[in-house]
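Okay, thanks everyone for coming. Let me put the sequence and the model up on the screen, and then I'll talk you through what I looked at.

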Amino acid sequence: MAAAGRLTSLPAKAREHVTAILTGRDLTQTSLKEVRGELEKRLGVSTGALDACREEIKDITTAEIARLQAEGEGAGEESADDAALTSDSAPTEAAAVAAAVAAKAAAKASSSAAARGKKRAAPAAAEVEQPPAGKAKGKGGTKEKQKNLMSRATFLEKAIGFQATLGDKPMKLPPKVFSTGSCGFWGASKITMDLGGQEVTMQCQVSCTITGSKEWPES
């Protein structure tokens, strides 16, 4: 422990406390500063005592968000990215956290897709549906049709957000350009429901990605 009650490194139980702080919380409205402040209370130290441990707290928090998002199983292409913490004050810190979480989520999604692909047996040649004679099989489908519809700038100018309802609670879905380059609509909210007579709170996210929009130019 440093002078004036300030810590230069986190105690062993810090990770366990961070997990408890983030569980059930609206991650889209949670900042690193709030996590650090709550951690100081749980450790019984004075305000500002963990300022020297900001990077260590950020690393632990980033890893925990990735784990929580992975347990959510497929909240959408941007679920991990957009649930990343807002920073204390510097946008670059928030961007770094978001990028780290998005990278971990993407790696997990890729690994899961590969595993599912190996489990699927290739259908016998006789079982594969053949297109009618004289009709060539189309290429690209919806993605090909929509990949040149507009630019991302035009999308942001023309798109109007809408509202979805989960249970009896409305959720706003504003237009968004995701970090992957795709365009669509995204929203997150806490929803409560009755589960066997017990009220439970869920962290819900809705991600709507426009097929082919990843190919759209910036302007």
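So, C208: with a relative accessibility of 28%, C208 is partly exposed. On the cut-offs here, buried is under 20% relative accessible area, exposed is over 50%, and partly exposed is in between, using a 1.4 Å probe and protein chains only. C183, on the other hand, is buried, at 0%. As for disulfides, the count is 0, where a disulfide is a pair of cysteine sulfur atoms within 2.5 Å.

A word on the source: this is a predicted model, so local features need pLDDT of at least 70 and side-chain atom pairs count only at pLDDT 80 or more, while totals for chains, interfaces and linings use all residues. Residues are numbered from 1 along each chain as its sequence is written, and side-chain values use heavy atoms, with hydrogens and water left out.

Now the overall picture. The protein has 7 helices and 5 strands, taken as DSSP runs numbered from the N terminus, with helices being H or I of at least four residues and strands being E of at least two. Along the sequence the order is α-α-α-α-α-α-α-β-β-β-β-β. Of its 219 residues, 31% are buried. If you take contacts (heavy atoms within 4.5 Å) between residues at least 6 apart in sequence, 58% of them link residues at least 24 apart.

How do α1 and α2 pack? Helix α1, residues 14-22, meets helix α2, residues 32-43, at about 120°, and their axes are 10 Å apart. Axes here are lines fitted to C-alpha atoms, for helices over the stretch in contact, and angles run from 0 to 180 degrees between N-to-C directions. That makes α1 oblique to α2, because under 35 degrees is roughly parallel, over 145 roughly antiparallel, 65 to 115 roughly perpendicular, and the rest oblique. On the α1 side the contact is made by A14, H17, V18, A20, I21 and L22, and on the α2 side by V35, E38, L39, R42 and L43.

H17 of α1 is worth a look. H17 is buried, at 18%, and beyond its neighbours within four places in sequence, H17 touches L39, R42 and L43.

Last stop, T47, in the loop between α2 and α3 (54-71). T47 is exposed at 75%. Its C-alpha atom is 9.7 Å from that of G5, 42 residues away along the chain.
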